[in-house]
Amino acid sequence: MKIEGISYRSIWLDSDGWSVRIFDQTKLPWQVEQLRLQSAAQAAHAIRSMQVRGAPLIGAVAAYGLALEMRDKPPNLHAIAEMLGETRPTAINLRWALARMVARLANLPETQREAAAYAEAAAICDDDAETCRRIGEHGLPLLQEIAARKSRQKSRVNILTHCNAGWLATVDYGTALSPIYQAHDLGLDVHVWVDETRPRNQGAALTAFELGAHGVPHTVITD
């Protein structure tokens, strides 16, 4: 998705090729601040402190957190996975991503684990982005059908959202917001009513931010 016309994912490798960049979601929408993760401990802190949130993104950050620990030393793979897994016990994707990483790395020689870990973490991210893109493809016809039923004078499609199910909660596109982004990008007249989602205001702080950054018309409302 886009911020000021520049396409971003919610997690990506830094220019050094090994550290990981994320957006600090606790600062949004007032500041767009990137964080550089260099260890599993920093990834764990980002998850625990809600600098990243949303089940798919949490899983991706944990996967890269594990990959970061495969560099320059022979770590205890299972201990690191357990530490990361304890950061958000209710996040399903967290345990799933860590189990996928451990299964990929456990039987490899230590000298091969770094490259394999980064490749697997990247695959987890790519898989999530593709899944979200396809969610949008499946949801788009529903919005197009609604638009087709409306008169020319009242052609706008209004959608109400709760919490944040956009690209900030995933690696890209989002889940529930993916059809909205695809409809907007195709020129469909969509407008989103964004509820605040108290007490943490994920709607007002995150959904409204990313819709606005991408240029999607929206209005924040109280719950």
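Just after helix 7, G215 takes a positive phi of about 90°. The structure is a predicted model, in which local features require pLDDT of at least 70 and side-chain atom pairs count only at pLDDT 80 or more, while totals for chains, interfaces and linings use all residues. Residues are numbered from 1 along each chain as its sequence is written, and side-chain values use heavy atoms, with hydrogens and water left out. Helices (H or I, at least four residues) and strands (E, at least two) are DSSP runs, numbered from the N terminus.

Helix 7 comprises the 13 residues 202-214. Helix 7 is mostly covered, with ten of its 13 residues buried (under 20% relative accessible area, with exposed meaning over 50% and partly exposed in between, for a 1.4 Å probe and protein chains only). These buried residues are Q202, G203, A205, L206, T207, A208, F209, E210, L211 and H214. Their cover includes strand 1 (2-3), strand 6 (157-161), helix 6 (178-185), strand 7 (190-195) and strand 8 (218-221).

Helix 6 is likewise mostly covered, as six of its eight residues are buried, namely S178, P179, I180, Y181, Q182 and A183. The buried residues of helix 6 pack against helix 5, strand 6, strand 7 and helix 7. After helix 6 comes G187, whose phi is positive, near 95°.

T161 lies in strand 6 and counts as buried because its relative accessibility is 10%. Apart from neighbours within four places in sequence, T161 is in contact (heavy atoms within 4.5 Å) with L177, I180, V192, W193, V194, D195 and T207.

Elsewhere, helix 2 (residues 55-68) and helix 5 (residues 110-149) pack at an angle of about 170°, with axes 8 Å apart. Helix 2 is therefore roughly antiparallel to helix 5 (angles over 145 degrees). Axes are lines fitted to C-alpha atoms, for helices over the stretch in contact, and angles run from 0 to 180 degrees between N-to-C directions. In this pairing, P56, A60, A63, Y64, A67 and L68 of helix 2 meet A117, Y118, A121, A122, I124, C125 and D128 of helix 5.

Notes:
Angles under 35 degrees count as roughly parallel, over 145 as roughly antiparallel, 65 to 115 as roughly perpendicular and the rest as oblique. The expected span of a helix is 1.5 Å times one less than its number of residues.
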